[in-house]
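Welcome! Here is a short tour of a protein chain, written for someone new to reading structures. Take a look at it first, and then we will walk through it together.

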Amino acid sequence: MQKYERQACITKNANCLNSDGIWLQSPIGQLDPSGKSLTAHLDLIKPSPVFGPDVRNLILVASLETNDRLRIRITDSEHQRWEIPREILPRYTQLHRRVLPQNHSISPEDDHISPENNIVSDPKSDLVFTLRRTTPFGFIVSRRSTGDILFDASSDASDAGTFLVFKDQYLQVSSTLPILRSSLYGLGEHTKKTFKLAQNQTLTLWNTDIYSSNLDVNLYGSHPFYMDVRLTDNRGKVPMGTTHGVLLLNSNGMDIVYTGDRITYKAIGGVLDFYFLAGPTPERVVQQYTELIGRPAPMPYWSFGFHQCRYGYTNVSDVEGVVAGYAKAGIPLEVMWTDIDYMDAYKDFTLDPINFPLDKMKKLVDTLHQNGQKYVLILDPGISVNQTYGTYKRGMEADIFIKRDGIPYLGSVWPGPVYFPDFVNPATEIFWGGEIKIFRDSLPIDGLWLDMNEISNFITSPPTPLSTLDDPPYKINNAGVRRPINNRTVPATSLHFGNITEYNAHNLYGILESKATNAALTKLTGKRPFILTRSTFVGSGKYAAHWTGDNAATWDDLAYSIPAVLNFGLFGIPMVGADICGFSGDTNEELCRRWIQHTQKESPLPDPFLFIPSGPRNLWNRLSVLIGKGVMVSPVLKPGKVSVKAYFPSGNWFDLFNYSNAVSAGSGKYTTLDAPPDHINVHVREGNILAMQGEAMTTKAARKTPFQLLVVLSSSGISTGEVFLDDGEEVEMGGGGKNWSLVKFYAWVEDKKAVVGSEVMNGGFALSQQWIIDRVTLIGLTKAQAKRFKGFEVCTNVGTKTLGDSMLKVDLDGNRKFVVMETEKLSLPIGKEFELKLNLS
């Protein structure tokens, strides 16, 4: 019997720990006849005292839940352990697999297993699970189509850090990675210099209130999900950019050690519940991920406008002055926000009677609404302990606060002593919704901003003596210094409804508060709610948007905001942004201008998924941001710069603000672009069609302007684009009521003609709004093609109309390779299908 190698030190000054290893007997799998589900029972051979007692008997279930999703769950076979209840985080499963009874074994001669391996597979799925009958035990997830190994949890007998370890408060599993081909993205929330994860680091997940200006430490949210983008293999079987996703669904604190050639999970509780997503593109991975955890919440259309907020407004006049200043300067303003300044002694659901009295606040909100603008206020979870405070009294009557030692846990935040609502308790959602209703009945706010919900606490309560919850045996790298998990938060021994410990539920507080707030606003308004939350978890995007927290007014923080925003696109939270110009410190005009430039251009598009091009350079590219499949932003991230170096993937790219400027990249190239102070470089790739509307002071006014189609013709195929249209407020997007329209556009060029057309679903809604397409701009035609132009016609369901050349502008000046062709005054109803044909014979 071999033994563990020497364990790694768990603190900077600790001695390394010796331990015996745990070995798992060669498992015998029980396979569903379909081959899509397998159960194995794993036995501990030799225990180890390090990090507490071992769980002696485990059960592993591997199942293909859909054709694109494989689940592997390992837990105690004899005792129920904490795992996230489906009431908190529903998991959406299409297919249900039958598991054979425990006494039914599959012989090695059966179709789906070999004498050496147990295999879960299906011809319709590219994911294959292989249970290795070795000592120590291991498993492999691979691709059917290429044989590429995606996750290899086979143990290296010479390295104890690779073994499966399963203790009550320490779970370890490790996988090798192909270091030269694998690029990982995700595993947040941390502030990083790059979108691609750097090798040789520990990523800690434990929600905490730390300024996001701090690099490489755990922050406000926990997302144990990564995307792995692979280069081709030496056999040439793996296509460049082939991508898969991996989620460890576990809410406990954890360290994830990523060295490039290996990824190792070290969780302090729960179960090992892995989901593997087949991809094979980044967009498909995110679609598969949000199919599992919940699609992103539809955002009200007004939330895509310009928002103004700061901490430190002294009274209503301050706020009114800001609104008036925007109007006087002719700067669009959609939403005005107010931080905790508005509260009476920082108590939720109150107004400062001197500086923010109700009558003046009503006047402010009424004026905003009359101008088509909105108002959003902040809420913190801590409820002031105050016998004269109605919210506190109603909370005590409803018995909805988190408890410790049988009484509500007493923390301290902005108002002083506070109790924290227990959002695990179903009664808390009723209480919380009631408080929002009482407040909103007096002041009709439009959205809510949820802060401090990690939970943040201004005090650190002493641990319960001898408690391994408050002081677990394995110390995660909290705050980068292995800070105790109770530091400045609710103690881990505190109890939620159903005797769920804070130790297990800590990382869920933000998503539970978001869920309750979403339900309350939806019920009160009958419209899709707008909620911004600081703390998040897997699935938070179903209920709320997110901002990246307390950054600083520095150029570095501007640069850090880009990978932060992109990461949350991967996490299924596409509505995300940073504090523009910075939160702490003094900003300056140049920094603020550049930040606003690229932030405006990074607003979520109809397609919320990040697309990573397949070229190998793009896996490391830090110079540009590709949003969707065809819009690229090249921001200025340094002071005093009037040019930027950008990498362009293959194809023709056109400047969104000057269509005559084009960059042609055969197989991808770096280009230096002019970037004067008033300009941000945004380019559109060939093959895309954008539907755009005009400028206005609010989105309500902008939605009344005609549409313009920007058609970027492809040199080798069809160009496509689409626009989804509804009232911007209905709770369900694309629901059965058909109060929506979906318009898909297409375009192509043949030898003798260029064609632009549309296909419309539920066109009645768009027609009812009287939206029209007034202009179509085509870019990407060569001069030779444009010189052959002989007129054009428009075909609709009422017939074909030939239009005169006077309605078409063609720019043939200069030595540019491509020309711009523009038709105006078309007045085409966007809710009716059309086809525009340009004769190039």
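In which sense do strand 41 and strand 42 pair, and over how many bridges? Strand 41 (residues 719-726) pairs with strand 42 in the antiparallel sense, over eight bridges. Two strands are said to pair if DSSP finds at least two bridges between them.

## Before we go on

This is a predicted model, in which local features need pLDDT of at least 70 and side-chain atom pairs count only at pLDDT 80 or more, while totals for chains, interfaces and linings use all residues. Residues are numbered from 1 along each chain as its sequence is written, and side-chain values use heavy atoms, with hydrogens and water left out.

## The whole chain

The chain's secondary structure comes to twelve helices and 50 strands. Both are DSSP runs numbered from the N terminus: helices are H or I with at least four residues, and strands are E with at least two. The chain has a radius of gyration of 29 Å, close to the 28 Å that the globule rule gives for 841 residues, so it is as compact as a globular protein of that length. Here the radius is taken over C-alpha atoms, and the rule is 2.2 Å times the number of residues to the power 0.38. Along its principal axes, the C-alpha trace spans about 90 × 75 × 55 Å.

Of the 841 residues, 57% are buried, meaning under 20% relative accessible area with a 1.4 Å probe, protein chains only. Take the contacts (heavy atoms within 4.5 Å) between residues at least 6 apart in sequence: 67% of them join residues at least 24 apart.

Now back to strand 42, which covers residues 740-749. This strand is mostly covered, with seven of its ten residues buried.

Trp748 has Val755 in strand 43 as its bridge partner. A hairpin of three residues joins strand 42 to strand 43.

Elsewhere, three strands form an open sheet in the order 21-25-24, with antiparallel pairing. Strand 21 (383-384) and strand 24 (411-413) stand at the edges with a single partner strand each, so one side of each is left without a neighbour in the sheet.

Strand 24 pairs with strand 25 (residues 416-419) over three bridges, in the antiparallel sense. There, Val413 stands opposite Gly416 in strand 25.

Terms used
Buried means under 20% relative accessible area, exposed over 50%, partly exposed in between (1.4 Å probe, protein chains only).
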